[in-house]
Amino acid sequence: MDDDMNRTMRAFRLDGRVAVITGAGSGLGREAARVFAEAGASLVLVDIDTDGMERTAVLCNDAAATIETVDISDRGAVDDLADRVIAAAGRLDAWINCAGIGYMHPLFATDAERAAKVVAVNMMGAFWCCAAAGRVMRERGGGAIVNISSGGGSAPVPGVSIYGMTKAGVNSLTWTSAAELGPYGIRVNAVAPGWIETPMSSLMYRDERGEVDPARRQALIDHMEQVSPLGIIGEPADIAYALLYFASDAARFITGQVLNVTGGAAHG
Ligand SMILES: NC(=O)c1ccc[n+]([C@@H]2O[C@H](COP(=O)([O-])OP(=O)(O)OC[C@H]3O[C@@H](n4cnc5c(N)ncnc54)[C@H](O)[C@@H]3O)[C@@H](O)[C@H]2O)c1
């Protein structure tokens, strides 16, 4: 019985594995780092926010956490990062794409420069990360890539426009990469979170000056609780556990999937 139990628990652990986590300086990426560290992984934290990553590294206690200040929209920098990970650690088992930027404006109010940035980071950044991770994992004989999508990538949500479009791209990237990389032992899946309170998602209740509007915040929380059959809102750990599952051997027979983690709501 003990051996069976240990085998089950081992399937969900990442002891001795190396995981890259982008967007690790805040929100869902930070929580993913904490959870992956608890699961035994050595971490490579990636973000443009170095101070944020330093705070994340503290939460990871004594798990080996390397900090890499890299802009994921820069293809060359992402390629170099993947090579550095292999040179330093000799392996790369999981690559978790949490980095992203929010943008909530209706079609007619979309700023061209900002829209280009959202596409460059959310969609092309995830693309370059999948390509770089796939390249080095293929040489090593396998691995797991997990992307972060969003409900707006597969359902109509007013105001989500360009952001949702990038997440639809992430879904497509997940399916295509899974098909292309599967023969090399590389699994590619995505998690589509419901609304989780983070610096990014607080955009939805901030006023024009960027200040938190407590009434709007409470109205949003009430709404999100109502649209979930469970009557609750999610926490960063709910997303991190789904990311861990996909990264672990427990999901060895799963690839090309986009999992809604929304408390049963149709979308986040
Ligand atoms: N919070 C939610 O409700 C929610 C819902 C659905 C999807 N998501 C997605 O989850 C992911 C994480 O979001 P979050 O809520 O934790 O946001 P967040 O703003 O707290 O964290 C995002 C992190 O990405 C980093 N980042 C931004 N641009 C980067 C770049 N070019 N290169 C490297 N790092 C960069 C930021 O510095 C930040 O640390 C995003 O992809 C987001 O679209 C979030």
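Helices (H or I, at least four residues) are DSSP runs numbered from the N terminus, as are strands (E, at least two). The model is predicted: local features need pLDDT of at least 70 and side-chain atom pairs pLDDT 80 or more, while totals for chains, interfaces and linings use all residues. Residues are numbered from 1 along each chain as its sequence is written, and side-chain values use heavy atoms, with hydrogens and water left out.

View 1. Cys 60 is in no disulfide, and its nearest cysteine sulfur, that of Cys 98, is 12 Å away. Cys 60 is buried, at 3% relative accessible area (buried is under 20%, exposed over 50%, partly exposed in between; 1.4 Å probe, protein chains only).

**View 2. Cys 129 and Cys 130.** The closest cysteine sulfur to that of Cys 129 belongs to Cys 130, at 7.3 Å, which is too far for a bond. Cys 129 is also buried, with 0% relative accessibility.

**View 3. The second largest pocket.** A pocket is an open set of points on a 1 Å grid over the protein atoms alone, where a 1.4 Å probe fits, with protein on both sides within 12 Å along at least five of seven lines; lining residues have an atom within 4 Å of a point. The volume, the space filled by probe spheres set on the points, is about 310 Å³. Among the 15 lining residues, Phe 127, Ala 131, Leu 173, Ser 177 and Glu 180 are closest to the centre.

**View 4. Helices α5 and α6 at this pocket.** Both α5 (112-140) and α6 (161-181) supply at least two lining residues; α5 gives the most, eight.

Technical notes. Disulfide = S-S within 2.5 Å.
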